[in-house]
Amino acid sequence: MKIVDDYVSYYLGCEVADDTYKMMCAVCAHMLEGGITEQEVTSFLESKESAEDVRFDTIPQSMWEDSFIDKDAFYVHPELRLMAPAPRFNSSTGAVERTPFFLEMKIRYTVKDLIAYYKKTVQPIESLYDEKRTIGSFEFLFNKYRSIDIGTTIDFLLKLIDVARNKHIEAIQLSNYEQEAYELHRVGTMNGKGEIVWRV
């Protein structure tokens, strides 16, 4: 991974053990896929005194600022998750390529990401769409469902959006689907708290 190679070559100036290198690559991949910028990842690496300090548990709390996601919390909606890709067949070698299983949560998921998912899924009428009104609507909905008795508020909002797929409605109208979304959300959280499985 280039960002790790650059850090090892130019910042540390020495070789690192294979296990340490794999951990560094896993942590950096998690951060980049989880919504953190390359510049932020580089700053994170440079803040560590040694390569061994680059671990999942040393990612600073500040990376979760302005995010709907809490550090070390578990979420059920696929939009908030990072998962190993499905096995795929390599036609050149005839082998099935598998990535070891992992199930992680994103780090940064903001109102901008929520609105992008809403627009892609619900497909509101473009000529009637208003960004400021949509932001205000999601702020209202988030507060309305803040004390939901199962799962998390952001999981429930994403389920509301799923239920309203291709309905071409404004964000504030998502609450019209709360009963259906609540039942699906309840079923989706019946297994209780899941467990994060880090890539290594």
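Guide: Of the 200 residues of the protein, 41% count as buried. Please keep in mind that this is a predicted model.

Visitor: What makes a residue such as Y7 count as buried?

Guide: The word buried is used under 20% relative accessible area. Y7 has 4% relative accessibility, so Y7 counts as buried.

Visitor: Where do Y7 and Y11 lie?

Guide: Both belong to helix α1, residues 2-12, and they are 4 residues apart, about one turn of the helix.

Visitor: How many aromatic pairs does the structure hold, and what makes Y7 and Y11 a stacked one?

Guide: There are 5 aromatic pairs in the structure. For Y7 and Y11, the ring centres are 5.4 Å apart, and a pair needs centres within 6.5 Å, so these rings pair. Their planes are at 20°, and planes under 30 degrees apart count as stacked, so that is the word for this pair.

Visitor: Why are Y145 and F156 called edge-to-face?

Guide: Their ring centres are 4.8 Å apart, within the 6.5 Å that a pair requires. The planes stand at 70°, and over 60 degrees counts as edge-to-face, so the pair gets that name.

Visitor: What does the pair of Y145 and F156 tie together?

Guide: Y145 lies in the loop between α5 (131-144) and α6 (153-163), whereas F156 is in helix α6, so the pair ties together parts that are 11 residues apart in sequence.

Visitor: Are Y145 and F156 buried or exposed?

Guide: Y145 has a relative accessible area of 8%, under the 20% limit, so Y145 is buried. F156, with a relative accessible area of 1%, is buried because that value is also under 20%.

Visitor: What makes α6 mostly covered?

Guide: In α6, 10 of its 11 residues are buried. Among them are I154, L157, L160 and V163. The cover over the buried residues of α6 includes α4 (111-122), α5 and α7 (178-188).

Visitor: How do you know that D155 is buried?

Guide: D155, found in helix α6, has a relative accessible area of 3%; the limit is under 20%, so D155 is buried.

Visitor: Which residues is D155 in contact with?

Guide: Leaving aside neighbours within four places in sequence, D155 is in contact with Y75, V76, H77, L80 and H185. The word contact is used because heavy atoms come within 4.5 Å.

Visitor: Is Q179 buried or exposed?

Guide: The relative accessible area of Q179 is 61%, and over 50% means exposed, so Q179 is exposed. Q179 is found in helix α7. From Q179 to A26, which is 153 residues apart along the chain, the C-alpha atoms are separated by 40 Å.

Visitor: What sits over the ring of F102?

Guide: The charged end of R199 does, 4.2 Å from the ring centre. A charge over a ring has to be within 6 Å of the ring centre and within 35 degrees of the ring normal.

Visitor: Which residues have a positive phi although they are not a glycine?

Guide: Q123 has a positive phi of about 55°, and H168 has one of about 60°. Q123 is placed in the loop between α4 and α5, while H168 lies in the loop between α6 and α7.

Visitor: Why are Q123 and H168 called partly exposed?

Guide: Q123 has a relative accessible area of 37%, which is between 20% and 50%, so Q123 is partly exposed. H168 is at 40% relative accessibility, in between those limits, so H168 counts as partly exposed.

Visitor: How many helices and strands does the protein have?

Guide: The protein has 7 helices and 4 strands. From the N terminus on, the elements run α-α-α-β-β-β-β-α-α-α-α.

Visitor: How many positive and negative side chains are there?

Guide: There are 23 positive and 33 negative side chains, and the centres of the two sets lie 6 Å apart.

Methods:
Residues are numbered from 1 along each chain as its sequence is written. This is a predicted model: local features need pLDDT of at least 70, side-chain atom pairs count only at pLDDT 80 or more; totals for chains, interfaces and linings use all residues. Side-chain values use heavy atoms; hydrogens and water are left out. Rings of Phe, Tyr and Trp (its six-membered ring) pair if their centres lie within 6.5 Å; planes under 30 degrees apart count as stacked, over 60 as edge-to-face and the rest as tilted. Helices (H or I, at least four residues) and strands (E, at least two) are DSSP runs, numbered from the N terminus. Buried means under 20% relative accessible area, exposed over 50%, partly exposed in between (1.4 Å probe, protein chains only). Lys and Arg count as positive and Asp and Glu as negative; His and the chain ends are not counted. The place of a charge is taken as NZ of Lys, CZ of Arg, CG of Asp or CD of Glu.
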